[in-house]
Amino acid sequence: TPRVLSGIQPTADSFHLGNYLGALRQWVALQDTHQAFYCVVDLHAITVEHDPATLRRRTRVAVAQLLAMGLDPERATLFVQSQVPEHAELAWVLGCITGFGEAGRMTQFKDKSAKQGTGGTTVGLFTYPILQAADILLYTPEPGPGERVFQVPVGEDQRQHLELTRTLAQRFNHRFGDTFVLPEAYIPENAAKITDLQEPTAKMSKSASSPQGIIDVLEEPGPMRKKIMRAVTDTGTEVRYDEENKAGVTNLLRIYSALDGAPIADLERRYEGAGYGQFKKDLAALVLDTFTPIRERALKLLDDQDQLDRVLDEGAARAGEVARRTMEVVRERVGFAGRG
Ligand code: TYM
């Protein structure tokens, strides 16, 4: 069976609509066809200053949301990154075959470090993409008959990190012998970059968007509807896909199409002459229909801490088994002394 791995940071009290459409929905779908590994990446979350109690809470909320979205711990391995120490270990090895300049070219690092100011940027933020490469490559499909397929469902903003991961995998294979299958980015066509509702040319983002620009998965229905009704459009009236001139409407059309399944051209026809009000009203209903049950399930799951712990223990055990097998090969290839 093909394999899939992905990760998400527990850096907010809720995931948002961009996370859901760009990645998490695909996570849920792929658990049926792939051997799936999904991790909440708390090691990545400490690359910027953080509060320990908040991180612990957000990690639990993250897991509850993933389960509420339909991830089934029987079918997918759901785990917390820090509970599988091999992630940090492989990151070290990969860091030793990464060029300094190569890491310096990562645009997310450049953006984030610019925001932190020179004093605030950490080495951890710099090596963040190398840890991400380790997250992925630890779960490389094992040798066997047939083609080895390895996919990573993410949004557009992770494309460069995926490219680096492939480069590092290739370099490792070349220097030390064939070890890693090159992973492929699995990026949805129309929901790869959901934009800010108030600033529709910028990415919807936990760290950069204003509260009005972002739809949280765990948001109450009232404010959720309001934000959609108040989303920035343009002075025209036509519900038409036009990235250049109608970024706001285009973003809403993408969201609508992703949730409803109708192609964008069909939606343009459906709303011909209807105006933005009706379009937004229907979109709000769609978004609420999607997230209300997820929110209710997530809140219920958070009441049962023991069950969440059991899911995570089991997930860490299963992920750890695979990670340890990969690291055994890596250690041998790199020339580390055996442990007898
Ligand atoms: P993170 O936690 O920022 O985001 C989680 C996922 O959501 C996607 N995403 C979006 N998709 C569409 N539109 C948006 N506005 C939007 N905002 C976020 C992201 O592309 C991502 O897929 N570095 C990763 C976490 C990570 C990871 C990994 C991912 C760590 N290790 C291994 C894949 C494999 C990140 O910061 O995602």
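Is Lys-203 buried, exposed or partly exposed, and at what relative accessibility? I looked this up in what is a predicted model, and I noted that Lys-203 counts as partly exposed at 31% relative accessibility.

**Entry on Lys-203 and its partner.** I found that Lys-203 forms a salt bridge with Asp-157, with 2.7 Å between the closest N and O atoms. Asp-157 sits in the loop between β4 and α8 while Lys-203 sits in the loop between β5 and α9, so this pair ties together parts that are 46 residues apart in sequence. For Asp-157 I wrote down a relative accessibility of 31%, which counts as partly exposed.

**Entry on other salt bridges.** I noted that the structure holds 20 salt bridges, and I looked at some of them. One of these joins the side chains of Arg-60 and Asp-309 at 3.1 Å, N to O; Arg-60 lies in helix α3 and Asp-309 in helix α13, so the pair ties together parts that are 249 residues apart in sequence. Another joins the side chains of Arg-75 and Asp-32 at 2.3 Å, N to O. I also recorded a network of salt bridges that links Arg-3, Glu-142 and Arg-325.

Technical notes: Residues are numbered from 1 along each chain as its sequence is written. This is a predicted model: local features need pLDDT of at least 70, side-chain atom pairs count only at pLDDT 80 or more; totals for chains, interfaces and linings use all residues. Side-chain values use heavy atoms; hydrogens and water are left out. A salt bridge is a side-chain nitrogen of Lys or Arg within 4 Å of a carboxyl oxygen of Asp or Glu. Helices (H or I, at least four residues) and strands (E, at least two) are DSSP runs, numbered from the N terminus. Buried means under 20% relative accessible area, exposed over 50%, partly exposed in between (1.4 Å probe, protein chains only).
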